[in-house]
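Subject: Structure handover

Hello,

Here is the structure I said I would pass on. My notes on it follow below the files.

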Amino acid sequence: MKILIVEDEKDLRETIVASLKKEHFVIETASDYLSASEKIEVYNYDCILLDIMLPNGSGLELLEQLKNQGKSGNVIIISAKDSLDDKLKGLELGADDYLTKPFHIAELNARIKAVLRRNKLDGKNTIEIANIVLDLTERTFTVNKENVPLNRKEFDILNYFLLNKNRLVTKNALAEHVWGDNIDQADNFDFIYYQIKNLRKKLQSADAGVEIEAIYGIGYKLTEK
Amino acid sequence: MKDWTTTSDKLFTRHKKDTSVLEKRAFDEGFFAIHEISQSQALAVKDKYLDTLMYMQDADDESPELEPVRLLTTAFENKGHYYELKIINSMVEEDDLVGELLREAIGLYLLLITVVILINNFVLQRLWQPFYSFLNQLKNYRIGSSKNFPEVSTKTKEFTDLQKAVTILLQQNIETYEQQKQFIGNASHELQTPLAITTNKLELLIEKGNLQPDQAENIAEVMSLIDRMVRLNKSLLLLTKIENKQFLDNRTISLNELVKQSVNDLEEIAEFKNVKINVFESAELTIQMDVSLANIIVSNLLRNAIFHNVSNGNVNVNILEDAIHVSNTGIESPLNAEKVFSRFYKSESDQSGTGLGLTIVKAICELYGFSISYRFENSLHWFTIRFR
């Protein structure tokens, strides 16, 4: 999987690279409009992370360029500007997703995986790891082909963990993802804890091949047993 | 004198036709008396004017009154006879005059008052009309939402000077207001990238592992602080955007649907908090507004009601034809109704929120001209939005 990161802020670019390397992606970077335009012209990428405000040009112009080549479907816009206009324009130009800075690494990871999965040719919308299958269309969860009922939030949480397999998912990232983009989400960590406790019980009793472990009280990690 | 001459002339002409005139010895009803006198007496007579008092009865007097008169004594000759002629002329009828004067004074006074009122009502009002219209415009002026400056439609220098001064003052205020708005927007905006980098670096650091528990604890604390900053920042950006009217994709929205959807989304957390949400729909409420803003209003109100609740508590949502009430159990004392919607207001018992949730709801309501209010009644905290 080849990913292009177009981001002018050096520190942010480097952290994203460091994070994505753990997923064993092949990563290229561009820090301004011109070098990005060149790379887009020459190579094909499975996913492009695109900042809108760039030196000597706009990410939206790059998106247009991609659209003209019929390659805009795997773009995730990352912008500090949570502007509805940009969002609409970006999605109109064929971008797959729009992520507002600041974001959690786990969130970026999940979005990239979602884009990659959507653009996979087999069209299967399931995540399969060890002996478990999560069907995103039917919203069902099976362990050893046996259905394990999950409530809505448990399903979302498990999905998020599976997209971030072996990665740290902080409570904040989880709360934000499960809650949606909201502002006063304070003290819902108890709720997250409660949901995860239930989810762990269900995984254990169904004898699932994955487990969720706590990391320093900051977050959790899903690993294969 | 002319008067006198004409009166005596008239008398002379009259006595030539009517000799009885000469027989009139007393004034009686007339205004003259004639006595026959000797030639020597007549020759000694010189015309004499005299102011005196005399009993007279006018048509409008009930009894004879002492009236001041002017008396002319003179003499003339007729067919060898000499006569003395006395002519009187009432100078004034004093009491009549007093009455007359009083009446006229009152009349004049009334006229004066009428004129004063007329002047006040018409002239002055017309004169001050530009001022009052200007004052009215000023009263209705809202920085940030009014487009035109108040204007005076007159050439009166005082008023135009006033207008100039006010316009300058307003311009300065608007500039400050815009700058402040822009500053908040820019500041929060510029903070996004550094916040993103900090969060991500810390996340990577933890992922690396090999941390002592106390180090991890420190990092966790820093991360939760950063997270708070991020949320604050997002709220401020959202507020700025609302105030800049950057959302105006208005559509017809069913509030009933929106509430049901929101309740559905919040079901699990309400259950976890042991709070029951009841929705009462007594009417179908549709409004014209931006979908994402409508969502924020409903979900912020509901979250607020769920989070600031007690175990085994209730949240009631009443949907009326033109309003929505959200009431919830909670602390047993009213919140400060004036401050509950202001920025960074937090109740003493709970300091964990950003204190911007209700402020955002209020800002959205103001943007659309809805009214929002808070009251404490029957041990419930009530939040009401009136849409019309």
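I begin with the largest cavity, whose lining is made up of A:Pro102, A:Phe103, A:His104, A:Asn172, A:Glu176, B:Thr199, B:Leu202, B:Met223, B:Ile226, B:Asp227, B:Val230 and B:Lys234. Please keep in mind that this is a predicted model. The space in this cavity is about 90 Å³, and the count of cavities of 30 Å³ or more comes to three.

Three helices each supply at least two residues of that lining: helix H7 (171–179) of chain A, and helix H4 (157–208) and helix H5 (213–243) of chain B. Of the contributors, H5(B) gives the most, with five residues. Sorted by class, the lining has six nonpolar, three polar and three charged residues.

- A:Pro102 is joined to A:Lys101 by a cis peptide bond, with omega about -5°. A:Pro102 sits in the loop between strand S7 (97–100) and H5 of chain A.
- H7(A) is largely enclosed by the rest of the structure, because seven of its nine residues are buried. Those buried residues are A:Asn172, A:Ala173, A:Leu174, A:Ala175, A:Glu176, A:Val178 and A:Trp179. A:Asn172 and A:Glu176 are also among the residues that line the largest cavity.

Chain A as a whole

Chain A contains eight helices and 14 strands. Of its 225 residues, 55% are buried. Among the contacts in chain A with a separation of 6 or more, 56% are between residues 24 or more positions apart.

The nonpolar core

The largest nonpolar core has 81 residues, and the members that touch the most others are A:Phe141, A:Phe161, A:Leu174, B:Met289, B:Val315, B:Ile364 and B:Ile385. Helix H7 of chain B (residues 291–307) gives the most to this core, with ten residues. A:Leu174, named above as a buried residue of H7(A), is in contact with A:Phe161.

Salt bridges

How many salt bridges does a search of the whole structure find? Over all chains there are 23. I looked at three of them in detail.

In one, A:Glu23 pairs with A:Lys113, and the closest N and O atoms are 3.0 Å apart. A:Glu23 is in the loop between helix H1 (10–21) and strand S2 (26–30) of chain A, while A:Lys113 is in helix H5 (residues 105–118) of chain A, so the pair ties together parts that are 90 residues apart in sequence. A:Glu23 counts as buried because its relative accessibility is 16%, and the limit for that term is under 20%. Both residues also belong to a network of salt bridges that links A:Lys22, A:Glu23, A:Lys113, A:Arg167 and B:Glu207.

A second salt bridge is formed by the side chains of A:Lys202 and A:Glu154, at 2.8 Å from N to O. This pair also links distant parts of the chain, with A:Lys202 in helix H8 (residues 189–205) and A:Glu154 in helix H6 (residues 152–163) of chain A, 48 residues apart. A:Lys202 counts as partly exposed at 27% relative accessibility, whereas A:Glu154 is buried at 2%.

B:Asp161 and B:Lys157 are four residues apart in helix H4 of chain B, so about one helical turn separates them. Residues three or four places apart in an α-helix point the same way, because the helix has 3.6 residues a turn. B:Asp161 is partly exposed, at a relative accessible area of 34%, and B:Lys157 is exposed, at 57%.

Backbone details

Two asparagines have a positive phi. For A:Asn144 the value is near 50°; A:Asn144 lies in the loop between strand S10 (140–143) and strand S11 (146–147) of chain A, and is partly exposed with a relative accessible area of 48%. For B:Asn378 phi is likewise near 50°. B:Asn378 is found in the loop between strand S10 (371–377) and strand S11 (380–386) of chain B, where it is exposed with a relative accessible area of 64%.

Regards

Methods
Residues numbered from 1 in each chain as written. Chains lettered and ligands numbered in written order. Predicted model: local features only at pLDDT ≥ 70, side-chain atom pairs only at ≥ 80, totals over all residues. Heavy atoms only, no water. 1 Å grid on protein atoms, 1.4 Å probe; cavity = no way out; pocket = protein on both sides within 12 Å on 5 of 7 lines; lining within 4 Å. Points joined across faces, edges and corners; volume = space filled by probe spheres on them. Nonpolar A, V, L, I, M, F, W, Y, C, P; charged D, E, K, R; others polar. Core = buried A, V, L, I, M, F, W, Y, C linked by side-chain atoms within 4.5 Å. Buried < 20%, exposed > 50% of the residue type's maximum accessible area, 1.4 Å probe, protein only. Contact = heavy atoms within 4.5 Å. Salt bridge = Lys/Arg side-chain N within 4 Å of Asp/Glu carboxyl O.
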